[in-house]
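Visitor: Please show me the model, and then let us go through some of its contacts and surface features.

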Amino acid sequence: MGLFKKIFSKEKKEKLDQGLEKSKSNFFNKLGKAVAGKSKVDDDVLDDLEEVLISSDVGVSTTIKIIRRIEDRVAKDKYLGTEELNVILREEIAALLSETEEAEKNNQPELGHPYVIMVVGVNGVGKTTTIGKLAYQFKKQGKKVVLGAADTFRAAAIEQLEIWSQRVDVPIVKQKMGSDPASVAFDTLQSAVKLNADVVLIDTAGRLHNKINLMNELTKVKRVMQKVVPNAPHEVLLVLDGSTGQNAFEQAKQFSAATEVTSLAITKLDGTAKGGVVIGISDQLQVPVKYIGVGEGIEDLQDFNKIEFVDSFFNQ
Ligand SMILES: Nc1nc2c(ncn2[C@@H]2O[C@H](COP(=O)(O)OP(=O)(O)OP(=O)(O)O)[C@@H](O)[C@H]2O)c(=O)[nH]1
Ligand SMILES: [Mg+2]
């Protein structure tokens, strides 16, 4: 078991490193240009570093905090060489993120039986895929999972979730396209109770262009679920597409203002140079980043660990 775990985490780490490759090379290219010909971290270097962090999607307010920390360090340690910059960044950002207070990651399906996760987010961010990957993980842990196809907006959405249900071999509750999402959610919870399921994953449609309607719909879905399981949903997981950078940030702010979001998943970190956004989101939002998507495959969803992430990002 111990050995298995070690091998697994090594693979996981490699996958994370691989996934962050574009973000990293983008960052270090810019940083390299910024410090070219300079051996000491001085005001000029700090100005350039600020720009590099902002243009790497870390976000303005998190960047300012990082720069302040590095300034403090420069003040204490009279000579900081630019070649140490990535190590210093790694240490300071890890320290900064560890200070962030956030709601506890309520990752204990024991909290509810069945434990109901409602998955929300705008079009195309990776909701359905994340549900498939999560179903696979829960099932691997020996949990009984039921999927609910409450994105009734498109026929393809139901089919896509169905494919995942077959792949992972877990039951799905669905109705036809256009039916009431709340009714699908209700049916799903009834089935889950009957089957004595441990975890329920509810897929929803993402249409932020009509915010009021979307929020009303989500509220209704919640209310109807509570007729079957009183404190459902136990978790509202907001999925964000990391490759949209600052947009993902905005969506997180808007969604959490409008509905109660309890956790975040940031997808598509592979193949984007905007991975820095995870640092900003993790620093600035009260809602914890719980999962990150590092590929399209069934295994490509990882529990988010701040320290591991920063380590991977700043390890050249
Ligand atoms: N590379 C990569 N692709 C991903 C990841 N997560 C999801 N995708 C892809 O993103 C696309 C959209 O994913 P979906 O799961 O359909 O997104 P959705 O939010 O359910 O979309 P709608 O149902 O249309 O609102 C698919 O092609 C997925 O394979 C990821 O972590 N990495
Ligand atoms: Mg979908």
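This is a predicted model: local features need pLDDT of at least 70, side-chain atom pairs count only at pLDDT 80 or more; totals for chains, interfaces and linings use all residues.

Visitor: Is E99 buried or exposed?

Guide: Buried means under 20% relative accessible area, exposed over 50%, and partly exposed in between (1.4 Å probe, protein chains only). E99 has 51% relative accessibility, so the residue counts as exposed.

Visitor: Which part of the structure holds K140, the partner of E299 in a salt bridge?

Guide: The closest N and O atoms of E299 and K140 are 3.8 Å apart. E299 lies in the loop between β7 (289-293) and β8 (301-303), so the pair ties together parts that are 159 residues apart in sequence. Helices (H or I, at least four residues) and strands (E, at least two) are DSSP runs numbered from the N terminus, and K140 lies in helix α6 (residues 127-140).

Visitor: How many residues apart are D311 and K13?

Guide: D311 forms a salt bridge with K13, with 3.8 Å between the closest N and O atoms. D311 is in helix α12 and K13 in helix α1 (residues 2-19), so the pair links distant parts of the chain; the separation is 298 residues.

Visitor: What kind of aromatic pair do F309 and F313 form?

Guide: Rings of Phe, Tyr and Trp (its six-membered ring) pair if their centres lie within 6.5 Å; planes under 30 degrees apart count as stacked, over 60 as edge-to-face and the rest as tilted. F309 and F313 lie four residues apart in helix α12 (residues 306-314), about one turn of the helix. Their ring centres are 6.2 Å apart and the planes stand at 35 degrees, so the pair is tilted.

Visitor: Which residues form the aromatic cluster?

Guide: A search of the whole structure finds six aromatic pairs. One of them is F304 with F309, edge-to-face at 5.5 Å centre to centre and 65 degrees between the planes. The cluster consists of F27, F28, F304, F309, F313 and F314.

Visitor: Where is D57, which has a positive phi?

Guide: Phi of D57 is near 70 degrees, a positive value in a residue other than glycine. D57 has 7% relative accessibility and so counts as buried. Its place is the loop between α3 and α4.

Visitor: What is omega at the cis peptide bond between A232 and P233?

Guide: P233 is found in the loop between α9 (211-225) and β5 (235-241). The cis bond joins A232 to P233, and its omega is about -10 degrees.

Technical notes. Residues are numbered from 1 along each chain as its sequence is written. Chains are lettered from A and ligands numbered from 1 in the order in which they are written. Side-chain values use heavy atoms; hydrogens and water are left out. A salt bridge is a side-chain nitrogen of Lys or Arg within 4 Å of a carboxyl oxygen of Asp or Glu.
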